[in-house]
Amino acid sequence: MYNQENCRFAKTHEWAFAEGDVAVVGISNHAQEEISDIVFVDLPKVGQKTEVGKNCCVVESVKSASEIYAPVSGEIVEVNEALNADPALVNREPHGNGWLFKIKMANPAELDNLLDFNAYQATIAK
Amino acid sequence: MGTETLQKTPLASRCEMSGGKMVDFHGWLLPVQFAGILAEHKAVRENVGMFDVSHMGQLFIEGKEAWPFLQYVSCNNIKNGPAEGTYFHILTEQGTIIDDAIAFCLSPEQFLVVVNAACVHTDFEWLTKQAKKFGVTVRNESDRWGMIAVQGPKAVETVNCMIPGVEDLPRFHISPLTMFDAEGYVTRTGYTGEDGVEIMLPSDKIGLLWDELLKHHVTPCGLGARDVLRLEAGYLLNGEDADQTRTPYEANCGWVVKLSKENFIGKEALVAQKAQGLKEKLTGFVLTTPGVPRSGCKVFVNGEEKGVLTSGTFSPLFKGIAVGYLASDVAVGSEVEIEIHGRRVRAQVVKPPFYKNRV
């Protein structure tokens, strides 16, 4: 749905996929593997304003809580309500139905500051 | 700190070969998970799983006064019938908890005490110091032994194929065994709330048992699943839920204290505390709204801070569960709020255990 090749990535493992001036945000496949069994997602509130790098969501596994940082600035316009009933969607489809929230971008040029797929892959290569 | 400086159990390389994600646990390199915490939890609750618990300590207490000595350093009544085991706490003079352990009676003059890995040295020094008043010796054999906990409703029948007769071993009893040409012990114990056994073999033989259990399709499980299982069962994690600032009464373990015993270390302090009453007690919480409570989260009643969590997790059976120290004036059944990442979620005060099983 949000093919990784067409996403932009933050070094903190979030991806952003632009649909006009709205960015769909999720976490990378690498991130969901590291976090493992996701059991709860504390989603942001619709209407909430956020800025690049600001913690706006928490993904919980059995063992730990991982903060999710906004990859771009703007306003949260939609959250993935399906995760309330099935948080493991983030593990199963990190680039599909496991997206987290959508941001109406204040400045779409911020996307250019993010990594493309190949550059992101290079950062996680061991 | 790199993992190369950590102590390795004799099963460390096998754990890695089985896909274990290795972490630092109190200076030991141990698997936090294999296939996944949820799958491992399910294996133990419904089938059979195994844990490398070789990091735990083995202290041998020997001498004519072995039993009176243990009675003196334990707040519980130590059973001294053949093969009997007793869960107990080792206390300071102030009645606070140094460690929780199990003492097994090997003979009237020899007991095996199995202690927490992080406390081996503290326990050994403390017991050695106390032993001077008694005609006993304390031997630390922790480095000599490997240990595997096999847990779950199918645990005993699985192990019975390898150790015939183990199904007749009663709960909390020990039996010597010979396996792979080595002498060891098997106990009908565990820390998961399920039936099962724990098997001790010399370090150079324990790997053969791991291999044999894998052949019998026993699921390797890590510290992550172990923590969820023990918390569901209402068992203490020493160092988190109890330490040298807490007494067994405060830690909701009053049943381990036998004030009817003539004398034991910490008795005076406990008698005084019992007369005074408790300010705080370890209590259970079940979230009634979604979220995962963690150690350190604060507990509020009508906006007033009344406690703090010491353990919390996501339980596949009960969702968000936790234990923590709560002011004694807050009753079981009360509605409280727990602050998680700056957000307050609703929870109910309950009496542990969360998971009740026949064991």
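Gly57(B) stands opposite Val115(B), a residue of strand 8 of chain B. This is a predicted model, in which local features need pLDDT of at least 70 and side-chain atom pairs count only at pLDDT 80 or more, while totals for chains, interfaces and linings use all residues. Residues are numbered from 1 along each chain as its sequence is written, and chains are lettered from A and ligands numbered from 1 in the order in which they are written.

Let us stay with strand 8 for a moment. Ala101(B) also stands opposite Val115(B). The pairings (at least two DSSP bridges between two strands) are as follows.

| Strand of chain B | Partner in chain B | Bridges | Direction |
|---|---|---|---|
| strand 5 (residues 57–62) | strand 8 | six bridges | antiparallel |
| strand 7 | strand 8 | six bridges | antiparallel |

Strands 7 and 8 of chain B form a hairpin, with two residues between them. Five of the six residues of strand 8 (residues 110–115) are buried, so this strand is largely enclosed by the rest of the structure. Here, buried means that 20 or more other C-beta atoms lie within 10 Å of a residue's own, exposed means 12 or fewer, and partly exposed is in between, with C-beta atoms placed from the backbone.

Zooming out, chain B has eight helices and 20 strands; these are DSSP runs, H or I of at least four residues for helices and E of at least two for strands, numbered from the N terminus. Its radius of gyration, taken over C-alpha atoms with a globule rule of 2.2 Å times the number of residues to the power 0.38, is 20 Å, close to the 21 Å that the rule gives for 359 residues, so chain B is as compact as a globular protein of that length. Buried residues make up 50% of the 359 residues in chain B.

Now for the domains, whose bounds come from an automatic or database domain assignment. Chain B is divided into domain 1 (3–56 + 143–232), domain 2 (57–140) and domain 3 (279–350). The centres of domains 1 and 2 of chain B, taken over C-alpha atoms, are 23 Å apart. Between these two domains, 13 residues of domain 1 are in contact with 13 residues of domain 2, where contact means C-beta atoms, placed from the backbone, within 7 Å. On the domain 1 side, strand 11 (174–179) and strand 12 (182–187) of chain B are the elements that give two or more residues.
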